[in-house]
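Colleague: Could you take me through the sheet in this model, strand by strand where you can, and show me what packs on it? I would enjoy a close look at that one part.

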Amino acid sequence: MSEKPKTKTEKPKAKAVPKAKAKPKAKAVSKAKVEPNSKVEPKAKAEKQKISIENIVASTTLAEKLDLNQVALALDGAEYEPEQFPGLVYRLKEERTAILLFRSEKANCTGAKTIESVKKTIKTVSKKLEMAGLSVIKDPIITVQNIVAVYDLKNDLNLNAIAITLGLERVEYEPEQFPGLVYRVADPKVVMLLFGSGKVVCTGAKKVDDIETGVETLKKELRAAGLLH
DNA sequence: CTACTATAAAAGGTTG
DNA sequence: CAACCTTTTATAGTAG
């Protein structure tokens, strides 16, 4: 596993299919991080609110069968290029989420920071499809597949020392390739990306509890090794 | 500034 | 069979 056979050194991004200017990234998110979760959790109260969920990927069963060409017409702004990817991409600007619809019946929602946002995204799309005359499933079961969160250890980290101390089985650190140290937690099967700043990105979790447990496990090991105040 | 490097995960279609 | 395509997101390096 040390060497990755994937070698995505070159991105086939600009290949055959011109993506019509692709990502309209810049826009409205300008002040995003300046505002600390003002409405996210009115009751959580600052306190131990260190873990910040950044992205939730969830899957569901939206409809029985979808004719994506028809859906593309019903959802304004939808992107559907079957030669590039079998799923139709639809973005909800108000939720800042994206949903991928497949002809089978499955759908994936990405970009949400709360489960409520995932539900709203699915409900909104479901309603649009229904209004377009398509049959949709009423209360689809939503499964969270992955949660990405950030945690700040508030303590600079010596990644080289951590790489040596925590062992080769759990750690991958190639600063010339990527500045973050990859730490794989066994129990809650999650992956932590550690940075010299003390910021930690946790991904691979199916539930928030996995992130909390994973973070605690990490802190415990770092403290045991004297690498965290 | 943008875009790439790395991480996880689902979907389904294609290619090797 | 595996690996890639696409979407999202934080993190932080480098290159252009």
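Modeller: **The sheet and its helices**

Happy to. Nine strands form an open sheet in the order E2-E3-E4-E1-E5-E9-E8-E7-E6, with antiparallel pairing. Its edge strands, each pairing on one side only, are E2 (88-92) and E6 (171-172). Strands here are DSSP runs of E with at least two residues, helices are runs of H or I with at least four, and both are numbered from the N terminus; two strands pair if DSSP finds at least two bridges between them.

This is a predicted model, in which local features need pLDDT of at least 70, side-chain atom pairs count only at pLDDT 80 or more, and totals for chains, interfaces and linings use all residues. Residues are numbered from 1 along each chain as its sequence is written, chains are lettered from A and ligands numbered from 1 in the order in which they are written, and side-chain values use heavy atoms, leaving out hydrogens and water.

Glu 172 has Val 182 in E7 as its bridge partner.

Helix H4 (residues 208-224) packs on the sheet, where it touches E1, E5, E7, E8 (190-194) and E9 (199-205). Contact means heavy atoms within 4.5 Å. The direction of H4 makes about 55 degrees with that of E8; axes are lines fitted to C-alpha atoms, for helices over the stretch in contact, with angles from 0 to 180 degrees between N-to-C directions.

Helix H2 (residues 115-131) lies across E1 (52-61), E2, E3 (97-101), E4 (106-112) and E5 (142-152), at about 50 degrees to E3.
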